[in-house]
Amino acid sequence: AFDPGRPHRCSPSVALRPEPFGALVYHFGTRKLSFLKTPELVAVVSGLEHHPDAHAALAAAGVDDAQRPAYLRALAGLAANGTIEERTE
């Protein structure tokens with residue numbers, strides 16, 4: 001289960017290709033193509049590895065407090081499909 005209080009990163013098995021709408025996401029393990037639908041979500045996913053938890057990544061990307069529940073749901077979905085993973089250090 002996704003815990004936003006834990007450190008995460010974009011999976012090494014995933015490639016992000018920036019697009020005007022956000023990004024294309026390709027998972028080399030599952031060969032699945034998906035989308036990040038906003039540039040802000042791309043910033044959050046790309047920045048996860050530089051922050052102690054998902055909350056800090058959301059703050060650094062400038063996500064408004066009112067939008068954070070939606071972004072946390074999106075991150076939970078990305079964790080469920082293997083796009084992001086918990087980081088161990």
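The model is predicted, so local features need pLDDT of at least 70, side-chain atom pairs count only at pLDDT 80 or more, and totals for chains, interfaces and linings use all residues. Residues are numbered from 1 along each chain as its sequence is written, and side-chain values use heavy atoms, with hydrogens and water left out.

Start with the sheet. Three strands form an open sheet in the order β2-β3-β4, with antiparallel pairing. The edge strands are β2 (14–19) and β4 (32–36), each of which pairs on one side only. From one strand to the next, the twist averages 20°. Strands (E, at least two residues) and helices (H or I, at least four) are DSSP runs, numbered from the N terminus. Two strands pair if DSSP finds at least two bridges between them.

Now take the strands in turn. β2 pairs with β3 (residues 22–27) in the antiparallel sense over six bridges. Valine 14 stands opposite histidine 27 in β3. Proline 18 has alanine 23 of β3 as its bridge partner. Two residues lie between β2 and β3, which form a hairpin.

On to the next pairing. β3 and β4 are antiparallel over five bridges. Here histidine 27 has lysine 32 in β4 as its bridge partner. The hairpin of β3 and β4 has four residues between the strands, and arginine 31 takes a positive phi near 60° there.

Next, the empty space. Rolling a probe the size of a water molecule over the atoms shows where empty space is left. A cavity is a set of points, on a 1 Å grid over the protein atoms alone, where a 1.4 Å probe fits but cannot get out. Grid points are joined across faces, edges and corners, and a volume is the space filled by probe spheres set on the points. The structure holds one cavity of 30 Å³ or more. The largest cavity has a volume of about 50 Å³. His27, Thr30, Lys32, Ser34, Asn81 and Thr83 line the largest cavity; lining residues have an atom within 4 Å of a point. That lining has no nonpolar residues, five polar and one charged.

Last, the helices. The axes of α1 (residues 39–47) and α3 (residues 68–80) come within 11 Å and cross at roughly 60°. That makes α1 oblique to α3.

Notes
Axes are lines fitted to C-alpha atoms, for helices over the stretch in contact, and angles run from 0 to 180 degrees between N-to-C directions. On a 1 Å grid over the protein atoms alone, a cavity is a set of points where a 1.4 Å probe fits but cannot get out, and a pocket is an open set with protein on both sides within 12 Å along at least five of seven lines; lining residues have an atom within 4 Å of a point. Ala, Val, Leu, Ile, Met, Phe, Trp, Tyr, Cys and Pro count as nonpolar, Asp, Glu, Lys and Arg as charged, and the others, Gly among them, as polar. Angles under 35 degrees count as roughly parallel, over 145 as roughly antiparallel, 65 to 115 as roughly perpendicular and the rest as oblique.
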